[in-house]
Amino acid sequence: MMEAVKVINVSKKFRRYHEKTLNIKYAALNFLKGKKSSYYDDFYALKNINLNIKAGETVGIIGENGSGKSTLLKLIARILFPDGGHILTKGKIATLIELGAGFHTELSGKENIYVNASLLGFKKKEIEAKLEEIIDFSGLENFIDNPIKTYSSGMYLRLGFSIAINVNPDILLIDEILAVGDENFQKKCFEKIDKFKNEGKTIILVSHDLAVIEKLCDRVFLIDNGKQYYRENPVDVISEYHKILFKKRKFALRSNQDEFAQDAALQKKPSSASESNRWGSREAEITAIEFFNDKNVESFIFKTGDFLKIKIDYIAKKKVEKPVFGIAIYREDGIHLCGPNTKTGNCNIDFIEGEGSIEYMMNSMPFLPGTYLFTVSIYDLPLLHAYDHWERCLTFSVVENKRIKEKFGAIYVPSEWRHYKRQK
Amino acid sequence: MISKLKEIYRFKYLVYSLVSRDLKVKYKGSILGFFWSLLNPLVMLIVYTVAFKYIIRIRVENFPIFFLCAFLPWSFLSSSLSMSVGSIKDNGNLVKKVYFPREVLPLSMVLSNLVQFLLTFLILIPALLLFKIELGLPLLFLPLVIIFQTAFNLGLSFFLSSLNVFFSDVKHLLEIFLQVWFWLTPIIYPIKLVPERFQSLYKLNPSVLFVESYRNLLMNNIGISLSNCVVLFLIGLFSFVLGHMVFNHYNKRFAEEI
């Protein structure tokens, strides 16, 4: 198989300016003083990245915000140029980085289709051949001759997406945009991507949505701090990503504790946590959170319907009477899915002192594939006073379970169907 | 550079659609449509005719024609530059999000101005006939001069639009510079009014030769000497090549700096 994209030892550095806008006066002054580069310094967004992507592969790139994954995509798209190494591509590239970039609001939808498609490098005839398909896909037949300043933001996105997806690239680069639009629109979008896959096109996908990555991609690359991490199996890469996220959280947690110790020593208010998503008086506090699967192995990826155990370690600096441990799980879009605690779960704790741990188990974890956010807290019995509340401190992913075919809504409820024919 | 030109050629439909978008947006929703682009030179014509013919009393035959023959090419130059200087920066959302040869942006601005310049001949030619100016074979040189001037404009546009990404002062400096340049070009006065000892220095300004060539072709029915033709060609070529070299040098950092 031929390679569609070859990234060889690529590095990219950016300039971090001290001044917001550079003006001639400043540049001239620096030039006269003989110091050429004092108004900026360099930092590396990517360092020695190597990728070989074969034609027909679907490859995911994951990483935290600012890890350099979008930079890599822009390098492949030739929007940015590498400072070291080089990138070889074979075939026509289309980017779905921003929908409707270059739309002009005074022009009609149809006129904008021409301008936008020509931006992607298409000739008039090619656009004319695709025009019907684009309009049809967007579902905007009745509005296509109106100026797009009259469009709603949803219509705007639909038009942008229809143009970008209906041009016929060999390599498709996608950055996060699958998160836009309503459910119907997203479905349309996934169908189109599946079609691309079946046609043997190369797709490179950057996303936060690990479930989407897991579902679509043959291979996954993880970029952390400008460096790459790669394993043959996407699930391994995704779990490595969770580990990195978790390590950083743990580090934040530890530095928080140090701060707490210092604060206590200085007789300051103990609740001066640096993170805004954590609060409480800290007589008792959470020291670690771990997720385990049915084999009792720490993990961050679970399948719908699997066993899930959450272990929360705590330390109580003094005796705390009748504490209540609680958790909450949110879907990525913020929907609060559940919020059990030891009080409602009839696990009454008389007091805690020193270290210990709490375990919460789901025999059949009901959430459908996606990314989930996790909150943990320790409260007093009436649930009024927070000892330690850590809002959305962890994420975990749920991926498809081949055994369970449900895909609509948020959760899977074990259930069965029956059918009776009325006797004549 | 050749491969770059090839690529721009591949994106010719983008250039076409950007030019037509620019023209459409400019005249859409206005009743007078493209006559707005004729209104500006007409108003200027009236203002300068009153000022220079009746108040300052410069003695020039056929002042309106004298003025138009130089002012229209000058507007082509000055509006090309002032419109393309921000073309990269103002299209930051495109430059940062989509790949296409960036040259297309200043190029389409210059071409859009070229189209408007050509349209102004719709009033210039009738005006020439009205003033009973003799038109003849020298007009055949006209397309050549227009092509050289377009290359000249393009080179400067490449230069200015790429510098403007890094120094936002360029736009403001250009405004002032264009005003000075206007008065350094024989648009509202004949070149013979310039003192003898400054003449050779004065003629180093490339716009002088362009304006004089237009005037000779359109008004005086005089062709262009071979040496002037070569000079005009070289001005256009140098401007284009040097401008593009600067542009190409900065091109790689456009998306990061906007």
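How many residues of domain 1 of chain A are in contact with domain 2 of chain A? Six is the count on the domain 1 side: 6 residues there are in contact with 7 residues of domain 2. Keep in mind that this is a predicted model.

First, where the domains lie. The assignment for chain A puts domain 1 at 3-237 and domain 2 at 260-399. Now the domain 1 side of that contact. Helix 7 of chain A, residues 210-216, gives the largest share, with 4 residues. By class, this side has 3 nonpolar and 3 charged residues, and no polar ones.

Next, confidence. The average pLDDT of chain A is 81, and 87% of its residues score at least 70. One stretch needs care. Residues 254-274 of chain A have a pLDDT below 50. In the model, that stretch still has 17 contacts beyond near neighbours in sequence. Where pLDDT is low, the predicted coordinates should not be read in detail.

Over to chain B, and helix 11.

Is helix 11 of chain B mostly covered or mostly open? Mostly covered: 10 of its 13 residues are buried. Among them are B:Phe210, B:Val211, B:Tyr214, B:Leu217 and B:Leu218. Charged side chains are on the list too, including B:Glu212 and B:Arg215. What do the buried residues pack against? Their partners in chain B are helix 4 (63-84), helix 7 (104-130), helix 8 (142-166), helix 9 (169-183) and helix 12 (226-251).

How values were computed: Residues are numbered from 1 along each chain as its sequence is written. Chains are lettered from A and ligands numbered from 1 in the order in which they are written. This is a predicted model: local features need pLDDT of at least 70, side-chain atom pairs count only at pLDDT 80 or more; totals for chains, interfaces and linings use all residues. pLDDT is the predictor's confidence in each residue, from 0 to 100. Two residues are in contact if their C-beta atoms, placed from the backbone, lie within 7 Å. Domain bounds come from an automatic or database domain assignment. Helices (H or I, at least four residues) and strands (E, at least two) are DSSP runs, numbered from the N terminus. A residue is buried if 20 or more other C-beta atoms lie within 10 Å of its own, exposed if 12 or fewer, and partly exposed in between; C-beta atoms are placed from the backbone.
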